[in-house]
Amino acid sequence: MSPSTGPPRRLGRRLTQLYAGLLLYGASIGLMVRSGLGLPPWDVLHQGIARHTGLSIGTVSIVAGAAVLLLWAPMRQRPGLGTVSNVVLVGLAMDGTVWLAPAPQALALRIPMVAAAVVLNGVATGLYISARFGPGPRDGLMTGLHRVTGRSVRLVRTAIEAAVLVSGLLLGGTAGAGTVVYALGIGPLSQLFLRVFALPEQRAEAEATAAAGPSRVVARGSRRHEEHAAGGQRRAWWRGGAILRR
């Protein structure tokens, strides 16, 4: 591959991964809505607000994403193309899927639907994060608060998601078996598909790290860190703190 054709091809692949991932992400949440078995924490909140406002859940997701993005300013977070695209496309894909997909009544159909949705969400996560166009607005809020408060990413993420989950439940959002399946499955699935869809330079970076010597890999939520034995320094695997949730 010549230098003149390499960068455009690489950019084209990244853009394809970004937009395919965001659309599939929204579709996966739409399928979870139709299954009626529970949603991820942020979408429990979106659904609860939708029930009180008459707006669609996708519209609420877009408005909420834009509102969260405004909170980046005082924390000096910088959005990327993926951040802005995330705000719009996930909600649109979610509404489109809710409109198109049937809502099965039989539990024998609802369970496979929610399982397929969680797997699809993992695929979508691997696609759009590997594209490296910036984190979603909600994850940018998490990393911003982590930096400003000095608290661990684990603590900040847990606090945010617990708050939005409780708020969503109080507003009438749906949590259930699907919420639990999502919480348990999305980490391993995302880690798997991040490797599957990694760009060549990401694979080379991983191989170089492995060859450098023993390290302890810490994967939590949407960040992946590698702590080297020498110096105990941590290096973010995904540029800009890209993380698993939007």
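Colleague: How do H3 and H5 run relative to each other, roughly parallel or roughly antiparallel?
Modeller: Roughly antiparallel. Bear in mind that this is a predicted model. The axes of H3 and H5 cross at roughly 165°. Angles over 145 degrees count as roughly antiparallel, so H3 and H5 get that label.

Colleague: Within what distance do the two axes come?
Modeller: Within 7 Å. H5 covers residues 81-100.

Colleague: And the crossing of H3 and H5, left-handed or right-handed?
Modeller: Right-handed.

Colleague: Which residues make the contact?
Modeller: From H3, they are Ile57, Gly58, Thr59, Ser61, Ile62, Gly65, Ala66 and Leu69. H5 brings Thr83, Val87, Val88, Gly91, Leu92, Met94 and Asp95.

Colleague: Stay with H3. How many residues does it have, and how far does it reach?
Modeller: H3 has 14 residues, 57-70. From first C-alpha to last it reaches 20 Å, close to the 20 Å expected at 1.5 Å a residue.

Colleague: Which H3 residues are buried?
Modeller: Ile57, Gly58, Val60, Ser61, Ala64, Gly65 and Val68.

Colleague: New topic. Where does Ser35 lie, and is it buried or exposed?
Modeller: Ser35 lies in helix H1, residues 6-35. Ser35 is buried: its relative accessible area is 1%, and the cut-off for buried is under 20%.

Colleague: What does Ser35 touch?
Modeller: Arg110, Met113 and Val114, leaving out residues up to four places away in sequence.

Colleague: Now Arg51. Buried or exposed?
Modeller: Exposed, at 52% relative accessibility. Arg51 is in helix H2, residues 41-53.

Colleague: Which residues does Arg51 touch, not counting those up to four places away in sequence?
Modeller: Gly172, Gly173 and Thr174. Arg51 and Gly172 are 121 residues apart along the chain, yet their C-alpha atoms are separated by 7.2 Å.

Colleague: Last one, Tyr128. Which helix, and is it buried or exposed?
Modeller: Tyr128 is in helix H6, residues 107-130. At 3% relative accessibility, Tyr128 counts as buried.

Colleague: What separates the C-alpha atoms of Tyr128 and Leu23?
Modeller: The separation is 9.6 Å. Along the chain, Tyr128 and Leu23 are 105 residues apart.

Key: Residues are numbered from 1 along each chain as its sequence is written. This is a predicted model: local features need pLDDT of at least 70, side-chain atom pairs count only at pLDDT 80 or more; totals for chains, interfaces and linings use all residues. Side-chain values use heavy atoms; hydrogens and water are left out. Helices (H or I, at least four residues) and strands (E, at least two) are DSSP runs, numbered from the N terminus. The expected span of a helix is 1.5 Å times one less than its number of residues. Buried means under 20% relative accessible area, exposed over 50%, partly exposed in between (1.4 Å probe, protein chains only). Contact means heavy atoms within 4.5 Å. Axes are lines fitted to C-alpha atoms, for helices over the stretch in contact, and angles run from 0 to 180 degrees between N-to-C directions. Angles under 35 degrees count as roughly parallel, over 145 as roughly antiparallel, 65 to 115 as roughly perpendicular and the rest as oblique. A crossing is left-handed if the near helix is turned anticlockwise from the far one by less than a right angle, and right-handed if clockwise.
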